[in-house]
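Hi,

Here is the structure I promised to pass on. Have a look at it first, and then read on for what turned up.

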Amino acid sequence: MAFSLTSKQVELRGSWLVALVQQPDASWAFSKLNLNEHMGNKDGEFDASMGWWYHSALDWSCHLRGPFLYARLKSCVGEWAPETCINLDLFIKNRDGGLEFQKLSDSLLLHTACLTLENNSTLKGLVVGPDGKFRVSEINLDQHYGNIGGKFAAASGAYSLSGKDFRLEKTLDSVKLLGELLDYYGVYCPAEIDLSHCVVNRNGQLAFCKPDETPDRKHWKTAIAEQIPVLGSAVAGLHYPQDSDTNEVSPLPHPPSILSLCHECLLADAYRANQNNFFYEIASRTNSATVTVGIALGAFIGRACGSPALGMVIGAGLSTTPGVFLEDRFVNAVEDPAARTQIRDAVLGRYVFETLRDMLAADQAAAAAELLGASLDPKIDEWMKGLAAWLEKQQLKLLVDFSLEGMMKRVFAKLKGETVEEWDTALSQLAEIQQRGATLDLKPEDPPIIIVEEVATPAAEPEPQPEAETTAPEATTATVNETEPAAMEPQTDAPPTNGEANTTTNKAPTPASSSARTSKTDLKGGSDSKSSDKDKASVRGNAPCGNKGWQSVIGISMWRRNWSRSKQQRVI
């Protein structure tokens, strides 16, 4: 139970719950638990008595919110039911540094709350079901207990017809029915019986089992001490510190008023001393004031409502949920002490309200709130004074002028559907303060970084070269020629004969022809020094291929002649 109190970095990976869990030696170790093997889907609601819920869940809807697991499950008709949740702190415990799932206990001492006796024979209270929700349940004790010779007898009946002054007395490990019963001589005799031997929690309902059956009778102190390493004994002591008090100070035999007052003072001093020891132990082991305050508030709520399980779950949530206890910079921004206390009351009360709302059956929230309010112990503020005094010694002012009883009454009123105007006003004021603080925390933006990049000089585009008329098909893939045959140069002499022409075409170009060609190009204006560089680049094989010119084959520059000649006028 309350695994989140000794776990951190809790995550949901598919159907696996993974976390770093505290070991008995206060170290941390990785642990995981497959929730799909321990929880099921019952008509769109979680059920801890079944399995394989993940197969009927909407993938994207499965997530954790604190200790609560949320998901959308399919109903019996095959449709997606509204989002549902279950508090894993009720079912998962830290056992020797590992996560372990536990089924609901049948014990009347663990998963119940607000047990009361109505009409001398009806036991009524809140009981946790397999879905993790508290529901109102009741049982008629007259059908199962009777009066035999002035003593209660199980598996009998109608005890209330022969007795008077019936009441309940709840202790650490018992729920006793007390009263006076008529004996065989017609005399009223004191009688008592422990209801936890035969009255059990069966699937979320109060039920009676025969005396020969042996239900689970684990009491709270043993259970919590085993299930919460390092902090178990201190947390259990906060729920029932009066047991250790009676061990230290025994009742006095004489009842004079002065001695009685002295005895009460001794009991009060012993109670405060034990309580301070519990506070100090929790604070020293967790090294956190907020965790100590959260556990203490949960313990006080559980004691006041008669539900250690409910108090443990609320305490674990208050200790591990961020934002429940306001930061000093927000609190100090409110100058009015009354307004400051009201803001604290609203923030803490809102979390307790949301936790109880998610742990109560939706159709019984109002009835459960009525039962919780009726069973609230008014001594809760006296317990709070001891916590406030301890915090003041530690130079902490978290709960100055704070009334836990008043906060719980407002929580129960909101559960009934009533509007709490004090909370609305305080929360709106807090939102303004937080917004103002966020504005003051704004930092100027860094000046823009100017990056100066060197602009690259664009390369000169090559001038288009006039394409020669080609007659052969292979002329389309030739590159630009650097030189031309000498026969294409203007000549002043007579044209050569056919034999001379053939001899000229087979010879390499001469320097004279190159100079003549250069002068011709300059006269025509067709190219300049840039075109000369371009021609050199084409010789190296880096220029794109054209219709005529030099080409490089396997690193060897080759000249390819264009056989087509441009028509020129013959100079005579």
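Which residue in the turn between β17 and β18 has a positive phi? That one is Gly186, with a phi of about 80°. Before you dig in, please keep in mind that this is a predicted model.

Let's stay with the strands for a moment. β17 covers residues 175–182, and β18 covers residues 188–194. The two run antiparallel and are joined by 7 bridges. They make a hairpin, with 5 residues between them. If you want a spot to start from, find Lys176, which stands opposite Asp194 in β18.

β17 also pairs with β16 (residues 163–170), again in an antiparallel way, and here there are 6 bridges. This is a hairpin too, with 4 residues between the strands. Gly163 is the one to look for here, as it stands opposite Leu181 in β17.

Now jump to helix α6, which spans residues 308–320 and includes Ser319. Is Ser319 buried or exposed? It counts as buried, because its relative accessibility is 11% and the cut-off for buried is under 20%.

What does the side chain of Ser319 reach at 3.2 Å? That would be the backbone oxygen of Val291. A polar atom of the Ser319 side chain also lies 2.8 Å from the backbone oxygen of Gly315. Setting aside neighbours within four places in sequence, Ser319 is in contact with Leu5, Val291, Gly294 and Ile295.

Cheers

Definitions and conventions:
Residues numbered from 1 in each chain as written. Predicted model: local features only at pLDDT ≥ 70, side-chain atom pairs only at ≥ 80, totals over all residues. Heavy atoms only, no water. Buried < 20%, exposed > 50% of the residue type's maximum accessible area, 1.4 Å probe, protein only. Polar contact = N/O pair within 3.5 Å; in protein donor to acceptor, adjacent residues only side chain to side chain. Contact = heavy atoms within 4.5 Å. Pairing = 2+ DSSP bridges.
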